[in-house]
Amino acid sequence: MAIKQETSEPKNKLFGGGALQQLLAFASLIILIIFFSIASSNFLQWSNISGILLSTTVIGVLALGTTLVIITGGIDLSIGTGMTLCSVMTGVFLVNMDLPIVVGVLGGILTGALIGFISGFSVSILKIPPFIATLAMMMIAKGLALVISGASPIYFNNVPGFDKIALGSIVPGVPVPNGILIFFIMVLIGGVLLSKTIVGRYTFSIGSNEEATRLSGINVNRWKMIIYTIAGSFTGIAGVLMASRLNSAQPALGMGYELEAIAAVVIGGTSLSGGRGSIVGTMIGALIMSVLTNGLRILSIPQEWQTVVIGIVIIIAVYIDVLRRGKNA
Amino acid sequence: MRKYLLTLLTVLFAVFVLSACSGGSDSDTSTEGAEGEDVDMDKTYVALVSKGFQHQFWQSVKEGAEQAAEEFDVEVTFEGPEDESQVDKQMEMFRNALDRNPDAIGFAALDSQASTPLLEETVERDIPVIAFDSGVDSDIPLTTASTNNYDAAALAAEKMAELIDGKGKVAVIVHDQTSVTGVDRRDGFVETIENDFPDIEIVDIQYGGGDHLESTDLTKAIIQAHPDINGVYGANEGSAIGVVNAVRELNKAGEIVVIGFDSGQQQIDAIKEGLMAGAITQSPVGIGYETVKAAVEALEGKELPDIIDTGFYWYDADNIDDEEIQAAIYE
């Protein structure tokens with residue numbers, strides 16, 4: 001097996017490098033929250049906060065998984081429709097095949113892992129550029145979701161308890177929907193994975209210098225497949241959360257979610273050229289996206305302008321990142 | 001060089017295999033409809049190019065078209081892009097449909113301007129065009145088989161006013177701000193409220209793209225911003241389900257009057273559970289049926305009215321099991 005290898009990237013603190021960028025992102029989040037709380041008295045109510053967090057879960061979990069892929073210098077465009085395929089497969093397992101909930105949920109997650117594995121295989125073994133490999137996977141997943149579901153939604157009405165996965169509350173008396181808890185658990189898992197395990201070390205290492213990593217005796221292809229597979233499992237979890245929240249698997253949804261997730265990753269300070277990034281950053285990035293959307297909606301800003309504002313925020317976030325890198329270089 | 005040749009050969013082989021497969025498969029399982037299907041040369045052939053395909057609404061339109069095809073003994077194909085922003089894809093489908101030499105064309109334009117050159121070609125080639133659903137903004141189609149969305153939305157507004165006793169705050173969730181259905185279903189509702197019910201205030205109009213999740217989150221934000229809101233109207237299936245989800249997640253069932261549009265399993269359930277007061281349904285089967293029927297009549301040289309109203313209905317817990325409603329709604 002591979003020899004333990006010190007890589008070029010700096011020793012990670014808690015959840016990975018890029019502390020300044022994280023701090024900036026966190027500061028922007030706080031400023032946004034303060035701004036919206038002053039602008040509308042309805043913003044800082046618990047039911048709204050819980051609404052914001054719940055609306056972060058699906059995009060957020062997608063973004064967490066894809067952070068790993070982006071740190072390797074890759075990209076995953078298949079997460080949006082891949083998520084849809086996972087929710088459809090969950091529907092097939094639970095509704096059409098009448099399997100127990102646990103099996104159905106695991107089946108959905110494994111579908112995601114399989115999608116990730118195939119993408120990883122295309123990227124590492126077949127040497128197809130990640131953009132193209134996952135673009136193709138995006139189409140395949142979209143098509144399969146429609147074919148498998150017969151182009152009509154699968155409803156979970158006869159699967160009691162399925163909607164509780166995202167909307168129920170496991171801690172009695174505390175009105176926190178499970179979906180939110182699952183999101184934060186995934187943040188924790190993703191964070192530990194990236195900063196405390198060998199997977200994380202190789203993720204950074206491949207992203208900062210793939211050739212050097214290979215030359216130091218690490219089986220880069222194998223680790224890439226592992227990383228894409230892990231990211232795929234996150235897609236699967238997002239698929240289950242989505243299905244649970246809507247209590248149905250909607251085969252026509254999902255397009256465009258990948259770009260929102262990638263935007264969250266980028267706002268969180270992960271570099272699209274690889275080698276740098278963090279899970280906490282992505283979490284903050286996803287929260288910035290949903291706080292911004294929610295706040296603008298609460299202020300009844302016309303939707304056309306909401307998207308303009310979000311676009312501008314992405315430019316600012318990435319520009320700050322460019323500035324910071326320029327200083328370091 | 002060899003590498004390119006090999007690639008080319010692989011692609012050609014893949015295309016060959018795929019086309020061989022699609023010849024044998026049932027059109028129900030393909031996502032984009034009629035391409036590659038054989039067309040019987042003797043029968044009258046009507047090609048329908050729709051705005052969508054995979055949504056249940058379009059599947060019901062297709063069903064209506066097939067009913068008419070059987071009744072009038074004509075050949076019908078039905079195709080449409082995956083989502084309603086793919087104008088270019090629809091143009092391609094229109095092009096392909098024309099290349100198959102149809103006797104008549106049924107067309108629901110995503111963008112009437114973009115389709116002008118193709119519509120002009122139909123005039124040159126003497127192929128009658130029947131517009132359906134949101135129609136085509138042009139003089140070329142002989143008639144338009146569609147729901148009067150403005151009137152349908154006005155009915156939704158009247159029902160809303162009735163259910164909140166003619167006063168209070170309401171919000172509107174629409175699928176998009178550019179399509180004819182989006183605009184008519186918004187304006188029919190908003191203008192009816194403004195003109196006839198001065199004590200009702202429309203506090204917000206937002207657009208969720210018909211995406212269930214997006215519509216859920218934005219309705220929640222609106223309810224947060226206006227906690228004393230009395231009613232919310234969702235202008236299509238995705239929007240309406242979003243409103244229902246939002247009301248359910250915020251535990252406001254019974255406090256907020258929800259009015260939907262179109263049908264689908266979840267709206268039907270919401271009405272039966274009492275989460276939704278009722279909804280407007282078009283008659284998608286009727287749209288498909290009337291389109292093909294109009295095409296047949298046009299080919300027979302019959303006079304057609306400018307607009308064929310394919311009808312709409314209000315349905316709620318009381319009449320949901322009636323025969324005419326059951327024929328119009330789909331699960």
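**Reading a buried helix, a sheet and an interface**

Mentor: Let's start with helix H8 (residues 198-208) of chain A: 9 of its 11 residues are buried, so the rest of the structure largely encloses it. Buried means 20 or more other C-beta atoms within 10 Å of a residue's own, with C-beta atoms placed from the backbone. Helices are DSSP runs of H or I with at least four residues, strands are E runs with at least two, and both are numbered from the N terminus. Mind that this is a predicted model: local features need pLDDT of at least 70, side-chain atom pairs count only at pLDDT 80 or more, and totals for chains, interfaces and linings use all residues. Residues are numbered from 1 along each chain as its sequence is written, and chains are lettered from A and ligands numbered from 1 in the order written.

Trainee: What covers the buried residues of H8(A)?

Mentor: The cover includes H2, helix H7 (178-196), helix H9 (210-215) and H10 of chain A.

Trainee: How do I read strand pairing, and which strands pair with E1(B)?

Mentor: Two strands pair if DSSP finds at least two bridges between them. E1(B) runs parallel to strand E2 (residues 75-79) of chain B over 5 bridges, and 4 bridges join E1(B) in parallel to strand E3 (residues 104-107) of chain B. Ala47(B) sits opposite Thr77(B) in E2(B), while Val49(B) has Phe107(B) in E3(B) as its bridge partner.

Trainee: And how many residues of chain A are in contact with chain B?

Mentor: Contact means C-beta atoms, placed from the backbone, within 7 Å. By that rule, 29 residues of chain A are in contact with 26 residues of chain B. H2(A) gives the most to the side of chain A that touches chain B, with 5 residues.

Technical notes. Contact = placed C-beta atoms within 7 Å. Buried ≥ 20, exposed ≤ 12 C-beta atoms within 10 Å, placed from the backbone.
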